[in-house]
Amino acid sequence: ASSSIILRVRSQVGIWRVHDLNSFTSIKDIRKTLSKEHNIDLSDANSSPITLTPGINGPVARINDTVGGLKLKNGDMLYLHLNEKKINLIHEDANGPKKISCDGTIIQQPYEEILQKSGFRPGRLSLKDIKMKWTLADFITMDDQFTYKIKRQEKAFCERVSMESNSCNLFQNYVREFGFHRSRVAYLYGKIDENNNIKVECMYEPPQENSSEGFILLEDPMEKSADILSSFLGLEKVGWIFAHSPREEGFQFNSTEIIIASEMQIIAAGGVNEHPFVTVKVTIDSESNVHFDAFQVSKQCMEMVAEEALLPSENPGYCKVAPSFTAIVEGKPTQEVNNNFFLTVVPIEQHESEIFSNIFIPANREGSSQQTFLKKHFQKAGSKGYTYIDLISDFNLLLFLSKAFDMNTDMEKICRSVLDKSISIPEGYLLLINQLAGIDD
């Protein structure tokens with residue numbers, strides 16, 4: 001059975017949530033739900049289209065499209081472009097206010113400018129365009145949706161995180177090569193116990209562009225394979241780690257890092273819910289000591305990111321507040337919020353995995369070839385205490401091998417042997433692995 005999800009729909013009126021959806025729910029069903037819940041005529045999909053991106057010319061979600069077919073996930077945003085003639089809205093094509101342009105001609109005033117001046121909040125509709133009659137309680141309820149009283153969350157949802165030492169060494173040694181002047185990102189795979197303690201067993205570095213200013217995560221053709229492989233190994237994605245150059249004291253996260261941490265935490269939690277998904281950062285101090293620190297973002301931060309109330313800021317260590325929203329910090333409205341308000345500290349420690357060797361070179365590293373490293377890797381068998389199965393018991397190696405083996409049959413069997421060393425890897429698999437590595441029998 002498909003699990004229930006929630007989608008958000010942004011329109012000129014604000015953001016609505018549509019509950020109890022599944023992969024078979026159609027856009028037609030969503031339109032009917034919105035019509036019923038908000039008393040709006042959405043029968044004409046052409047005049048009030050739903051798009052997958054903010055612009056009205058973006059890709060259209062057609063009435064027979066389904067949630068699964070559009071690959072929509074819990075918390076994703078759709079964009080409804082309401083027809084002003086049917087719900088009495090100001091629109092940029094309507095006969096609204098005019099203005100004189102720089103060349104002296106009279107032109108239609110842009111819709112965004114109208115909303116900036118006439119909306120009950122910048123970028124929002126006027127109250128009468130949302131509803132004709134308002135009570136004080138109605139207005140307070142509406143306005144409260146756009147006001148956040150910023151407060152620290154005292155305790156993280158994650159009790160503790162233990163990082164795998166060999167994985168940490170591989171990661172930090174690579175960023176050391178660049179003097180920690182290049183950022184770097186990896187996903188953390190491990191286990192969560194009943195007390196919300198996380199034990200990280202391995203890392204995976206996705207395709208990315210890195211600089212001293214930050215990182216850009218690229219499209220990853222191996223993302224699904226990494227998640228499937230982790231499930232075969234009894235693991236799940238439990239967090240992410242990023243490396244950054246030295247910063248001023250007190251400056252923990254920039255706005256991009258806060259927003260990405262929130263988005264990942266929301267995905268892991270299936271919405272704005274409590275979940276131990278953790279963010280770890282690593283950097284170096286003035287004495288060349290490397291520091292690993294673990295955090296979670298607060299539930300309030302998750303909500304603000306989900307509602308697109310937080311935006312990137314050029315001010316280090318701060319997030320900008322979107323114009324439609326108000327943030328109250330220590331009793332005063334502010335246009336920027338110190339990111340430290342959003343962070344909760346997670347105790348961190350290290351361990352050495354009993355299952356995974358974590359010494360094979362990770363994917364997507366500049367100037368490094370996993371294929372070239374393969375033979376050298378297996379030549380370690382019999383030295384430094386490594387057995388052949390120890391060397392195969394490496395997440396990055398297994399992910400590399402999944403390109404040559406069938407994921408759903410071959411890799412599952414190999415993973416079974418990794419988890420239970422008493423189960424031998426089939427001889428045919430060993431021969432193929434040796435051939436890939438260029439090792440003679």
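**Figure 1. Surroundings of Y204 in the predicted model.** In this predicted model, Y204 touches A186, Y187, Y189, D220, M222, A226, A363, N364, F395, N396 and L399, leaving aside residues up to four places away in sequence. Y204 also belongs to the largest nonpolar core, a group of 73 residues. Within that core, Y204 is one of six residues that touch the most other members, the others being I150, L229, L233, W240 and I392. Helix α8, which covers residues 255-269, contributes seven residues to this core, the largest share. Another core lies apart from it and holds 23 residues, including V161, C168, V200 and V282. In soluble globular proteins, nonpolar side chains tend to be buried together.

**Figure 2. Helix α8 and its buried residues.** Helix α8 is mostly covered, with eleven of its 15 residues buried. The buried residues of α8 are S255, E257, I258, I259, I260, A261, S262, M264, Q265, I266 and A269. One of these, I258, is also touched by L343.

**Figure 3. The largest pocket and its lining.** The largest pocket contains about 1,100 Å³ of space. Its lining comprises 38 residues, and K73, E263, M264, I267 and A268 lie nearest the centre of the pocket. By class, the lining of this pocket has 19 nonpolar, seven polar and twelve charged residues. Helix α8 supplies seven of the lining residues, the largest share. At least two lining residues come from each of β1 (5-10), β9 (184-192), α7 (223-232), β13 (236-243), α8, α9 (299-306) and β16 (310-311). Residue M264, named above as lying nearest the pocket centre, is among the buried residues of α8.

**Figure 4. The largest cavity and the residues around it.** Searching the whole structure gives one cavity of 30 Å³ or more. The volume of the largest cavity is about 50 Å³. Its lining is formed by S167, L170, F171, M203, E205, N358, P362 and N396. Among these residues, N396 is also a contact of Y204. Helix α6, residues 165-176, gives the most to this lining, with three residues. The lining of the cavity divides into four nonpolar, three polar and one charged residues.

**Figure 5. Helix α9 within its covering elements.** Six of the eight residues of α9 are buried, so this helix is largely enclosed by the rest of the structure. The buried residues are Q300, C301, M302, M304, V305 and A306. Elements that cover them include β1, β4 (77-80), β7 (147-150), α8, β15 (290-297) and β16. After α9 comes E308, which has a positive phi, near 60 degrees. Helix α9 also supplies at least two residues to the lining of the largest pocket.

**Figure 6. L343 in strand β21.** Residue L343 lies in strand β21, which covers residues 343-346. A relative accessible area of 11% places L343 under the 20% limit, so this residue counts as buried. Leaving aside residues up to four places away in sequence, L343 touches Q252, F253, I258, F295, Q296 and V297. C301 is 42 residues from L343 in sequence, and their C-alpha atoms are 8.6 Å apart in space. C301 is itself one of the buried residues of α9.

**Figure 7. S162 in strand β8.** Residue S162 is found in strand β8, residues 160-164. With a relative accessible area of 9%, S162 is buried. Its contacts, not counting residues up to four places away in sequence, are I198, K199, V200, E349, Q350 and H351. V200 is also a member of the core of 23 residues. From S162 to E352 the separation is 190 residues in sequence and 9.5 Å in space, C-alpha to C-alpha.

**Figure 8. The chain as a whole, for orientation among the close-up views.** The secondary structure of the chain comprises 14 helices and 22 strands. Of the 441 residues in the chain, 48% are buried. Among contacts with a separation of 6 or more, 65% join residues 24 or more positions apart.

Methods. Residues are numbered from 1 along each chain as its sequence is written. This is a predicted model: local features need pLDDT of at least 70, side-chain atom pairs count only at pLDDT 80 or more; totals for chains, interfaces and linings use all residues. Side-chain values use heavy atoms; hydrogens and water are left out. A nonpolar core is a set of buried Ala, Val, Leu, Ile, Met, Phe, Trp, Tyr and Cys residues joined through side-chain atoms within 4.5 Å. Buried means under 20% relative accessible area, exposed over 50%, partly exposed in between (1.4 Å probe, protein chains only). Helices (H or I, at least four residues) and strands (E, at least two) are DSSP runs, numbered from the N terminus. Contact means heavy atoms within 4.5 Å. On a 1 Å grid over the protein atoms alone, a cavity is a set of points where a 1.4 Å probe fits but cannot get out, and a pocket is an open set with protein on both sides within 12 Å along at least five of seven lines; lining residues have an atom within 4 Å of a point. Grid points are joined across faces, edges and corners, and a volume is the space filled by probe spheres set on the points. Ala, Val, Leu, Ile, Met, Phe, Trp, Tyr, Cys and Pro count as nonpolar, Asp, Glu, Lys and Arg as charged, and the others, Gly among them, as polar.
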